[in-house]
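Subject: Structure handover

Hello,

Here is the structure I promised to pass on. My notes follow below it.

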Amino acid sequence: MKTRTKQILAVVVIIAIAFSWMLLLKGIPGKVGPLKDKIELGLDIKGGVYVVLQADTNLKGEKLSKLMEQTKAVIENRVDQMGLKNPNVSIEGGDRIRVELPGAENSDEAIKAIGKTAQLKFVMADQSFVLDGSSVKKATSDTASDGGGYAVNVEFNSAGAKAFEEATKKALSGEVNSTMGSMKTEDGSKVKGGQIVIMLDNEIISHPNVKSVISGGKCEISGSFTQDEASELAALIRGGSLPVKLTEISASSQTAQIGMNMLTKSIVAGIIGSIIILLIMLFGYRIMGVAADIALALYIALVLIIMAAMGSVLTLSGIAGIILSIGMAVDANVIIFTRIREEIERGKTIRVATQTGFKRAMSTIIDSQVTTLIAAVIMYQIGTSSVRGFAWTLMIGIIVSIFTAVVVTQLFMSLISGSRKFAVNKYFGLSEDGVTTMKLKRQFHFIKHRKVYYIISICVISAGLIFAGARGLNYGIDFTGGTMLHYDLGHQVSTQQVKDVMARHNVNLGQMQVIFSGDKNNEVIIKTNEDLSSQERASINKDIEKTFNITESDVLATEHFGASVGKELKMNALKSIGLAALGMLIYIRLRFRKWKFGASALLGVLHDVMIVFAAYAIFGITVNNPFIAAILTVVGYSINDTIVIFDRVRENLRFIKKGGTAEILDLSINQTLSRSIMTSLTTFVVMIPLFIMTSSAIREFVLPLMIGVGTGCLSSIFICSPLYYEMSTHGKDAERHERELARARRKQKQQDERLKKEMDAKAIDVSEEEYAVKDDITEEHIKPDNDENNENDELYVSHDDGRHGRGKSKKTRKERKNSK
C-alpha cells in the first residue's frame, strides 16, 4: 500500500473515531438521537423485578418443551397486562421460566400476579357467564374441517358440554345484545350479539361467531388462523389454569435509585482507568503509545456502538466486563511493540522492524485471544443473567480488540516507521545504540529456582485447603440458598434493633448477618440462609417500614434463592471450569502440536484456580455467583499469559540450536517478561478505580479478577514454564539433549586437536604444568581468543592424555617469540 493511501486512511480513521463518539454522546441533531440512549439497561441498573419459577413435573424431552411453551404463553399474557416496558419471559434450563419486569417495584405483588391461577371463561356478548376453564377437557390445533386453513378444536366435560349447547342456542336466537363493543379484542373487531367470547384474565382472546347449535361437547373455532396462531390459542384455552404448578426458586427486586447511582460511579471509574492506561502506554512506548491510544479510543467507541446496534442489555457486571476488556485490549499492542523493539535491537531498520514485529506477533495475538474467547463463550452458555452480561461484553471486547490492534495500530505504525522525523530510536523508547531504555537488564534464571516456586505454591494451596476444611468456605446466599433484604432507613440504627424485628418473624438469628452501608451507615443489608417465602418477605418489609418509619420506596432491594439454585451453581462452576480447560487443552494441542505445552498450561490453570480458592478460604471472602465468572476469566487470562511465553519457547526451539531446554526457557521468559508485567499492570490498574468507587455487586466480580490477574501472570512464569521443563527432561527430549552434548564434545575435541597440531608446528613449548586443566566440557563452547595484541591471551589446549584445558601462558607473547 502506498504511503499516500495510508495517510488518507489514517485521516479517515481519526474522523471515524470523532464521529463515533459524537454519535454515541450527542447523535445527529434532528435525525438520530444519542446511541448511548439506545443501549438497554439491565434490571440491576434501572430497577425492576425478576423471578425464576420452576415447573413441578417429571416430563422430559418434547413433552416438557410443549408444557413449558404453554406455561410461557399464559405468563406472557399476564405480564402484558401489567403495562410495563420491555418485559421479558423466557424458558431457562428446560424446566424453568424466567420473568424480568423492568420498572416493577414490588417483587411480591409481581410474583403473585405471575403465579396466580388463570381465569379462563366463556361468556355471551352481554357478558353473561357460560362456563370457566375447569369445564375444558382438551384444546388442540389442527387443519380446519372445511380445508380452509387452521382451526382450534375444543372438548368440554359433561357439564361444560351442556352449558355450551345452551349458549349456542341463545346466541342464535338473536336475543343477545352486545355490551362489550368498547372492549379490545384479539383482532380489533367489535363483539357482536351472535358470538361467544373466550376471555383469559379478563382479556378477550377469541370471539367466534356461532353458526349452529353445538351439542356433544365438541366445537371447532375456525377463521383465518395461521398454524402458529391456532397453536397459541389452543395453548391459552388449554392453559385456563397454569398447565403445571410453578415454584419460586429465586427472585430479586431493586430500585432504580441504587442502580443509576452505581452506573454513574462505574462510568467515572471506567474513565479514570482508561486515562491511566492511555498515560501508561504513552510513557512506556512513546510514539508507539500514540498509535495504541488512537486504537483504544476507537475500540471503546466500537464496543458501545455494537452493543447499541445489537440491542444488548447493559448490566453492572457487563460494565465490569467492558472495563476489564479495555485493560486486556492493550495486550495485543504490548506484544506487537515488544516485538518491534526486539527487531530494532537486532540491528534492523525501524521500518523493517515494524513489519517483522507485526508478522511475528500475529500468531501469539490470535492464540492468546482465542483461549480467552473460549472461556467467555462457556461462561455465556452456562452462567446466569449477570454472568452472561459480563461474558457478552467480554466476547465483544476480545473480537474488537483483535481488529483495532491488527488493522488500526498497524496502519499508524507503518506511517510512523516510514516517517523521517519520527522513525528514530528515541521515539521508540531505545537509545542511539539500539538498546531499549526501559528494560530489565538482568537475566533471571527461573528454571534453576523452580523448586522454591513449587514449595511456595504448595504452602499457599495447602493453607487454603486447611482453612476450607476447618471452617468451610464463606458461601453467599446464591450458593446456600437464602434471602437478602436491603433498606434505606434514613438514619443509623443498632444491630440489635434490626435483630429484634427479625426475631418477631422467627428468623434464626444465628444464620443471619446484618451489614450497614451508605455514606452515613444509614442503609442496612440483612442476609439470612433461611428460604423465606414471598409472604414472609412481605410481612418483614411491613414490620421494618412500621418500626423505622420508612415507606415502601425505601425498600431498595430484595433477593431470594432456593437451595436448589445453590446446588446448581456449584455444579455449573465445576462444569464450566472443566469445559473451559478441555477446550483450551484441545486448542493448544492443535496449535502447539506437543502435548507437553497443553499439559503444563492446564496444570497452570488448575494452580491458578486453587490459588484463588485458597485466597477466598484464608480471608473468608464470600463465594457467590460472580465468583464463577471471575474464575473463568482468570482461566482465560492465565492461559493467555502462558501462551505468549510458550509461543516464544516454540520459536526459540526452532531457531536456537545451542543450549538446553532450561536455557531456552529462561531466555523465552526473559524476552517476554516486560510484556507480562506491562499487560498485568494495565489490566490490574484499570480495575482499581472500579473496586474502590463502585458497589459490592461489581466488587464481587472485580476482587477475584484482581487476585487472578496477579496469579495468572506469576504462574505462567514460575509454574507453567518449569512444569514444561520437568516434562521435557524425559524421553525424546532428554535423548536429543544428550545427542547435542555428544556432538558438542566431538566438535570441541576436533578443535583441540587442530590447535595442538598448530602449536606443535610452530614449536611452541607448552608444558602441562603451565595450564590450568579444564576437566570436563559444558554445553557452551569457548573459542580461542585470536587477538594477537592481547598479551594475556587465553589458549584452549588438548593434552596427550585426552584432557582438555584452558589456561594462561606464564610467558608473554613477546617472551615466547624471543625464546623461539
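Which helix gives the most to the nonpolar patch? Helix 7 (residues 256-285) does, with five residues. Helices here are DSSP runs of H or I with at least four residues, strands are E runs of at least two, and both are numbered from the N terminus.

First, the basis. This is a predicted model: local features need pLDDT of at least 70, side-chain atom pairs count only at pLDDT 80 or more, and totals for chains, interfaces and linings use all residues. Residues are numbered from 1 along each chain as its sequence is written, and side-chain values use heavy atoms, without hydrogens and water.

Now the strands. Strand 7 (residues 136-143) and strand 8 (residues 150-156) run antiparallel, joined by seven bridges. (Strands pair if DSSP finds at least two bridges between them.) Valine 136 has phenylalanine 156 in strand 8 as its bridge partner. The two strands, strand 7 and strand 8, form a hairpin with six residues between them. Glycine 147 in the turn has a positive phi of about 75°. Strand 8 also pairs with strand 11 (residues 218-225), antiparallel, over six bridges. There, tyrosine 150 stands opposite phenylalanine 225.

Last, a charge and a ring. Arginine 98 lies over the face of tyrosine 50, 4.3 Å from the ring centre. (The cut-offs: NZ of Lys or CZ of Arg within 6 Å of the ring centre and within 35 degrees of the ring normal.)

Best wishes
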